[in-house]
Amino acid sequence: MRHIISVLLENESGALARLVGLFAQRGYNIDSLTVAPTEDATLSRLTLVTHGNDQVIEQITKQLHKLIEVVKLTDLSESAHIERELMLVKVKAAGNQRDEVKRCADIFRGQIVDVSANTYTVQLVGTSDKLDAFIQALSGSQILEVVRSGVSGISRGEKTLAM
Amino acid sequence: MTSQSKQAEMLSGAAMVIRALADEGVEYVYGYPGGAVLHIYDALFQQTQVKHVLVRHEQAATHMADAYARATGKAGVVLVTSGPGATNAVTGIATAYMDSIPMVVLTGQVMSHLIGEDAFQETDMLGISRPIVKHNMSVRRPEDIPALIRKAFYIAQSGRPGPVVLDIPKDMTIPSQTFAYDYPSEVKLRSYQPKLKGHSGQIKKAVTALLAAKRPIIYAGGGVIMGRASDELTELAQLLNVPVTNTLMGLGAYPGDDKQFVGMLGMHGSYEANQTMHHADVILAVGARFDDRVTNNTKKFCPDATIIHIDVDPASISKTVNAHIPIVGLVQPVLEEMLGLVKQKKKKLDEAALASWWQQINAWRAVHGGRYDTTTSQIKPQHVIEMVSKITKGNAFVCSDVGQHQMFAAQYYKFNKPNRWINSGGLGTMGFGLPAAMGIKLNFPDDDVVCVTGEGSIQMNIQELSTCKQYGLGVKIINLNNGYLGMVKQWQDMNYESRYASSYMDSLPDFIKLAEAYGHVGIRVTKPEELEPALERAFALKDQLVFLDIHIDPKEHVYPMQIPGGAMNELFLSKTERT
């Protein structure tokens with residue numbers, strides 16, 4: 001099962017390496033990872049997408065808790081949440097391909113953020129599934145480059161992960 | 001400047017390191033000097049409170065500190081230089097980590113501005129040690145040193161203990177640069193608050209389950225030793241007349257000669273311990289972690305048992321075997337609370353059920369699985385350990401290396417007290433025994449300290465015989481010499497049709513001459529009748545290190561031995577019998 005684990009981490013050097021190292025040492029998966037400081041500069045917020053059975057996920061959260069720099073964490077996928085990922089796609093867009101790519105971007109509510117004589121760069125935000133679907137939809141065009149941010153997530157309602 | 005900071009003593013980073021150790025109550029630091037830590041060594045030289053023990057190899061320093069921690073529960077302290085000094089300490093750090101032993105390791109580092117430039121004796125010790133420490137940190141500003149050292153001790157010694165590495169760049173310790181010294185009395189970390197007391201509701205549930213048991217057993221591990229809970233464990237077990245088994249790490253948590261003790265469990269555990277576990281209906285697991293050397297095949301593990309698991313580390317609970325009643329907390333207060341409830345309830349276990357359970361256990365005991373042949377003319381390693389146990393009355397500190405001799409020591413020495421069986425259980429570090437015995441002897445000079453080893457393990461840190469001479473460490477070395485890497489040979493006998501790939505050591509040194517060359521006493525024992533007088537003589541030489549080179553039966557195997565892939569009670573009982 002896919003899980004989105006959100007972590008508040010001390011914003012100290014080595015903390016991220018320790019967290020990522022834990023996954024490598026214990027053979028856990030990281031499907032995507034995003035990290036940046038929060039409004040409190042001493043804390044980083046990290047969102048990690050992983051998969052495994054219940055026992056593995058339980059071990060992952062317990063082992064993460066043991067890291068001294070981990071302040072708090074939650075498994076977002078256990079309750080209602082919002083998840084978003086940003087993607088930039090550079091696509092070959094020449095001749096009649098130009099209209100085709102534009103239409104496809106419009107359907108997915110993507111924006112063309114850069115243009116050259118033969119390319120479009122499309123920005124798309126949404127769930128990982130939606131981003132996957134967009135790439136599928138572009139299969140008739142030549143994709144030159146894909147950059148994805150990894151998932152960021154937050155709980156719905158009044159539930160927060162904060163100090 | 002405030003008036004307070006005006007009064008504060010001004011110290012260099014190097015002096016602060018040593019002063020902080022003194023304020024922490026540290027008596028000995030084990031280490032080896034080198035370029036990056038010379039300022040710190042100079043500060044050590046200029047005071048008398050903290051004493052330094054100079055080893056011959058950094059690995060030995062870590063094992064000495066580790067053994068001190070195993071015996072006292074307090075963090076041992078290591079001081080080594082950068083680069084090779086730090087990397088030589090890695091095996092010892094990993095050893096402590098695997099057995100949850102508190103240790104503070106101060107590693108030198110090249111000057112801050114040289115970090116990342118591949119400077120002389122530079123190595124990324126934070127990166128190297130990260131997977132084998134509870135935590136590691138580096139000094140960024142000299143004035144942070146007291147707080148970082150306090151934090152290192154706090155993290156190492158609290159919760160589930162473990163080693164902490166503090167990396168100190170040389171420019172943090174420059175003697176001419178001084179800063180206000182203030183040693184914090186306490187540490188508070190928002191991200192680290194280990195749980196102390198167990199959940200009362202869970203404890204009640206556990207007591208109810210235990211009192212309803214018909215075939216109970218207590219399975220106690222190293223957590224009882226490090227958690228100082230053997231008194232509570234013993235009282236609870238005896239109050240309820242429940243059998244007790246200890247893990248390799250838990251030996252001594254319950255008195256080894258008591259009738260309720262069924263012996264060690266697991267791969268080389270006793271027949272009765274493994275049978276009792278397998279057939280139990282309630283298992284009270286205390287400070288143990290259901291590791292693979294205990295459970296054998298987890299799918300076949302104790303099929304009828306309701307498992308109560310007390311552990312300070314939530315990650316240890318339901319990691320390999322699912323716990324039905326988990327209790328997260330320090331084992332001592334949890335057991336105390338359980339005891340209180342049991343006494344209050346005045347309820348005992350079903351007497352008839354318990355009586356028939358004991359009858360069954362005693363029948364298993366009578367099978368004598370794993371007993372050794374006493375009719376040969378060769379010295380049996382088991383007999384040596386029994387003799388040592390008798391002469392020292394089960395009260396010695398027994399520091400073991402790793403291999404067959406370790407298992408014989410675990411099986412045949414009757415440990416009556418906790419914190420006296422000092423061995424590398426998790427990592428299985430050959431070379432651990434002698435430095436461990438040294439660390440114990442230094443701190444407990446009036447006690448008998450035995451190093452049980454083999455001709456393989458002892459040579460991994462044999463250079464420490466020199467350190468023993470320098471500090472007058474009268475350790476008794478029991479070298480169970482069979483000419484082979486015994487445990488490797490046993491596996492080759494059992495699984496590789498006795499093809500002894502690199503398990504025979506040709507050209508062994510004359511250990512007697514070697515001991516004498518280092519200024520010690522050596523005694524060779526080749527016949528069974530020589531054994532007792534030799535041991536008597538060795539223990540009578542109180543202050544002398546005695547190296548007993550005991551030539552044992554090279555064909556001996558360790559039994560019982562769990563059959564791979566089987567349930568925990570599926571055992572080889574001898575070379576010809578199995579369950």
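What follows is a chat about this predicted model.

Me: What should I know about numbering and cut-offs before we start?
Reply: Residues are numbered from 1 along each chain as its sequence is written, and chains are lettered from A and ligands numbered from 1 in the order in which they are written. This is a predicted model, where local features need pLDDT of at least 70, side-chain atom pairs count only at pLDDT 80 or more, and totals for chains, interfaces and linings use all residues; side-chain values use heavy atoms, with hydrogens and water left out.

Me: OK, cavities. How many of 30 Å³ or more are there?
Reply: The structure holds 1. A cavity here is a set of points, on a 1 Å grid over the protein atoms alone, where a 1.4 Å probe fits but cannot get out; a pocket is an open set with protein on both sides within 12 Å along at least five of seven lines, and lining residues have an atom within 4 Å of a point.

Me: How much space lies in the largest cavity?
Reply: About 40 Å³. Grid points are joined across faces, edges and corners, and the volume is the space filled by probe spheres set on the points.

Me: And which residues line it?
Reply: Lys441(B), Asp447(B), Asp448(B), Val449(B), Gly474(B), Lys476(B), Phe539(B) and Lys542(B). By class that lining has 2 nonpolar, 1 polar and 5 charged residues. Ala, Val, Leu, Ile, Met, Phe, Trp, Tyr, Cys and Pro count as nonpolar, Asp, Glu, Lys and Arg as charged, and the others, Gly among them, as polar.

Me: Now the second largest pocket. What is its volume?
Reply: About 670 Å³. Its lining has 28 residues, and Ser13(A), Met137(B), Ser138(B), Val139(B) and Arg140(B) lie nearest the centre.

Me: Which element gives the largest share of that lining?
Reply: E6(B), with 4 residues. Helix H7 (125–129), strand E6 (135–138), helix H8 (145–157) and strand E7 (163–169) of chain B each supply at least two. Helices (H or I, at least four residues) and strands (E, at least two) are DSSP runs, numbered from the N terminus.

Me: Switching to rings. How many aromatic pairs are there over all chains?
Reply: The count comes to 16. Rings of Phe, Tyr and Trp (its six-membered ring) pair if their centres lie within 6.5 Å; planes under 30 degrees apart count as stacked, over 60 as edge-to-face and the rest as tilted. In one pair, the ring centres of Tyr28(B) and Tyr30(B) are 6.4 Å apart and the planes are at 35 degrees, so this pair is tilted.

Me: Is Tyr30(B) buried or exposed?
Reply: Buried, with a relative accessible area of 1%. Tyr28(B) also counts as buried, at 16%. Buried means under 20% relative accessible area, exposed over 50%, and partly exposed in between (1.4 Å probe, protein chains only).

Me: What about Tyr181(B) and Tyr183(B)?
Reply: Those two are stacked, at 6.4 Å centre to centre with 10 degrees between the planes. Tyr181(B) is buried at 8%, and Tyr183(B) is buried at 16%. Elsewhere, ring pairs link Tyr219(B), Phe290(B) and Phe301(B) into a cluster.

Me: Which charged end sits over the ring of Tyr28(B)?
Reply: That of Lys51(B), 5.5 Å from the ring centre. The rule needs NZ of Lys or CZ of Arg within 6 Å of the ring centre and within 35 degrees of the ring normal. Arg420(B) lies over the face of Phe397(B), at 4.2 Å from the ring centre.

Me: Last topic, backbone. Which peptide bond is cis?
Reply: The one from Tyr559(B) to Pro560(B), with omega near -5 degrees. Pro560(B) is in the loop between strand E20 (546–551) and strand E21 (561–562) of chain B.

Me: What is the phi of Arg228(B)?
Reply: Positive, about 50 degrees, although Arg228(B) is not a glycine. Arg228(B) is in the loop between helix H10 (222–226) and helix H11 (230–240) of chain B and is partly exposed at 46%. Asn241(B) has a positive phi of about 55 degrees and is partly exposed at 30%.
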